[in-house]
Amino acid sequence: MNYQSIRSIFEAQLATAYGALSPAVPIFFDNYSNAMADSVDEFVHVNIQFGDTTQSSLVKSFDQARGILVVRAFSEKGKGPSRNQTLINTAFGIIETINNTGQPTTGVYVRTGVVSGPTFQEDRPYFISRLETNFQATVISWIF
């Protein structure tokens, strides 16, 4: 089981999407330091947690993992919620894209569950939105 290959499905697409916004939005993942959060007006934090692994199945591959993806978007409080809605909608779009991607013949295949949220709150200098979904990932390896 290679957790990094599963993480990269989410991380690469989210990082690309937030980098393409104008202006680009810093994105932090739970396996990286969030040293800039106090020095920027807006940023996104992504948390990926793994649960059960190597479940028995009817295929020759036992490389399966379940987990939860949580995305939090932080924008400057007092500037209106529309920018924050744009930030969290970006994550929602990427989650839908990942879920609608067909199964490859090799690599990692991910399916997400129902997206919960977004929910909104205010905390210190930020307006925060949050969404969450579960996922199941399969590392596809064929044994002949």
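**Fold, core and ring pairs**

Analyst: Read along the sequence, the protein follows the pattern α-β-β-β-α-β-β-β. Helices (H or I, at least four residues) and strands (E, at least two) are DSSP runs, numbered from the N terminus. The model is predicted: local features need pLDDT of at least 70, side-chain atom pairs count only at pLDDT 80 or more, and totals for chains, interfaces and linings use all residues. Residues are numbered from 1 along each chain as its sequence is written, and side-chain values use heavy atoms, with hydrogens and water left out.

User: Which element has the highest mean pLDDT?

Analyst: pLDDT is the predictor's confidence in each residue, from 0 to 100. The protein has a mean of 86, and 83% of its residues reach 70 or more. Among the elements, β2 has the lowest mean, 87, while the highest, 95, belongs to helix α2 (residues 82–100).

User: What share of the 144 residues is buried?

Analyst: A residue is buried under 20% relative accessible area, exposed over 50% and partly exposed in between (1.4 Å probe, protein chains only). By this rule, the buried share of the 144 residues is 39%.

User: Which residues does valine 46 contact, leaving aside its neighbours within four places in sequence?

Analyst: Contact means heavy atoms within 4.5 Å. Valine 46 is one of the residues with the most contacts inside the largest core. Leaving aside neighbours within four places in sequence, its partners are Leu14, Ile27, Phe28, Phe29, Asp30, Leu69, Val70 and Val71.

User: Is valine 25 buried or exposed?

Analyst: Valine 25 lies in the loop between α1 (3–20) and β1. Leaving aside its neighbours within four places in sequence, it is in contact with Tyr18, Glu42, Phe43, Val44, Arg83 and Leu87. Its relative accessibility is 6%, so valine 25 counts as buried.

User: How many aromatic pairs are found in the whole structure?

Analyst: Rings of Phe, Tyr and Trp (its six-membered ring) pair if their centres lie within 6.5 Å; planes under 30 degrees apart count as stacked, over 60 as edge-to-face and the rest as tilted. A search of the whole structure with this rule gives a count of eight.

User: How far apart in sequence are the parts tied together by phenylalanine 28 and phenylalanine 43?

Analyst: These two rings form an edge-to-face pair, 5.8 Å centre to centre with 70 degrees between the planes. Phenylalanine 28 lies in strand β1 (residues 27–29) and phenylalanine 43 in strand β2 (residues 43–53), so the parts tied together are apart in sequence by 15 residues.

User: Which residue counts as partly exposed at 26% relative accessibility?

Analyst: Phenylalanine 50 and phenylalanine 135 form an edge-to-face pair, 5.9 Å centre to centre with 90 degrees between the planes. Phenylalanine 50 lies in β2 and phenylalanine 135 in strand β6 (residues 126–140), so the pair ties together parts 85 residues apart in sequence. Phenylalanine 135, with a relative accessible area of 3%, is buried. The partly exposed residue, at 26%, is phenylalanine 50.

Note on methods
A nonpolar core is a set of buried Ala, Val, Leu, Ile, Met, Phe, Trp, Tyr and Cys residues joined through side-chain atoms within 4.5 Å.
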